[in-house]
Amino acid sequence: MKVLAIESSCDETAVAVANLNNGKVVIEKNLIASSAEMHVKYGGIIPEIAAREQLSSIIPLLKEVGVKEDNIDKIVVTFGPGLMGSLLIGTETAKALAWVWRKDVEGINHMIGHVAANWIVDNPEDKVPNFPCLALVVSGGHTDFLWIESKNEWSWIGGTRDDAAGEAYDKGARLLGLPYPGGVAIEKISAQATRKVKKLPRPMLNEGGLEMSFSGLKAALAKEINNTETVDKAAWAKEYNEAIVEVLVKKTELAINKKKPASFLLCGGVAANSLLRENLKHTAETLGVDFFVPKFSYCTDNAAMIAAAGLIFEDKSERDFKSPNPSLENY
Ligand code: KG4
Ligand code: ZN
């Protein structure tokens, strides 16, 4: 089974070709065009700019990937959650191509795409997760725990009640005068910290459930740095990073103890964070659970992960996520 995948839910336009070998996903091509640089000067994504860039990138990317109708079996495309204008570029392109080529087209939930990135292997002997899996999806729009019983049964079991962790990084970075994407900037400057600053709160850390909250954290940071004449950016970035990571690690520990999965999967753009990766690996392995995280390039948005979801999961639906999605029903 070979698939062509398209992803355009946020500021990236991505196309990939992948196949399934022995239950593992092998990527043949993986192309990406990002408009992230255009958003740097605004400190965040402007949806209209993202969609216009996607419109001009999608056809050149498809030409570059160079697939022909007789060497793919189906087309898969992210159909939500994401920015509506951006999603439409991918879904309409996929539908048009599928119609011309007379192929099946399948909508993929973006979050299941992030999870599925853990089935991508570089070598045939690389390990892939065993079910049941607990996944922590941490991205710019989501911070969710998913319980994945099997390839056709998954459910949402907890997550943030307000801002996503990635959003907290982006907003915190903006407060500190650091560039977008904030997670990358915060992590980078943290390494230069030479002193400790006042401890920021760890929201909902000691509340028993799997709920989290990150919106108060940026308010706490704003309060601290607005009262300071010269802000030690590196020291505050380090403290802010540690606060977010500590909450994610403690909640994961709770989720693992509660659900007892065979594998724990970390994924989403924030999974590129080294402190988070190291601490969660340690936590999972201490609790006797296999730890998986995609390699860096498959953590942030890409189409390889959407291909992987199309090859691995039977339930890729929008269920449990309340975001707009352009329907594929009339295809
Ligand atoms: O998954 P993703 O590429 O897009 C969404 O689906 O949202 O995630 C983007 C998010 C941004 O908020 C960005 O600040 C964050 O991932 N991010 C990081 C790091 N790299 C990207 N957060 C923390 N540490 C990083 N190294
Ligand atoms: Zn994403």
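How many helices and strands does the secondary structure of the protein come to? In this predicted model, where local features need pLDDT of at least 70, side-chain atom pairs count only at pLDDT 80 or more, and totals for chains, interfaces and linings use all residues, the secondary structure comprises 10 helices and 11 strands. These elements are DSSP runs (helices H or I, at least four residues; strands E, at least two), numbered from the N terminus. The protein is as compact as a globular protein of 331 residues, because its radius of gyration, taken over C-alpha atoms, is 20 Å, close to the 20 Å of the globule rule (2.2 Å times the number of residues to the power 0.38).

Overall values are tabulated below.

| Property of the protein | Value |
|---|---|
| Span of the C-alpha trace along its principal axes | about 60 × 45 × 35 Å |
| Share of buried residues | 54% of 331 residues |
| Share of contacts with a separation of 6 or more that join residues 24 or more positions apart | 74% |

Buried denotes under 20% relative accessible area (1.4 Å probe, protein chains only), and contact denotes heavy atoms within 4.5 Å.

One loop residue illustrates the local packing. Asn 118 is located in the loop that runs between helix 4 (110–116) and strand 6 (133–138). Because its relative accessibility is 4%, Asn 118 counts as buried. Leaving aside residues up to four places away in sequence, Asn 118 touches Val 128, Pro 129, Leu 265, Leu 266, Cys 267, Phe 292, Val 293 and Pro 294.

Residues are numbered from 1 along each chain as its sequence is written, and side-chain values use heavy atoms, with hydrogens and water left out.

Technical notes:
Chains are lettered from A and ligands numbered from 1 in the order in which they are written. Buried means under 20% relative accessible area, exposed over 50%, partly exposed in between (1.4 Å probe, protein chains only).
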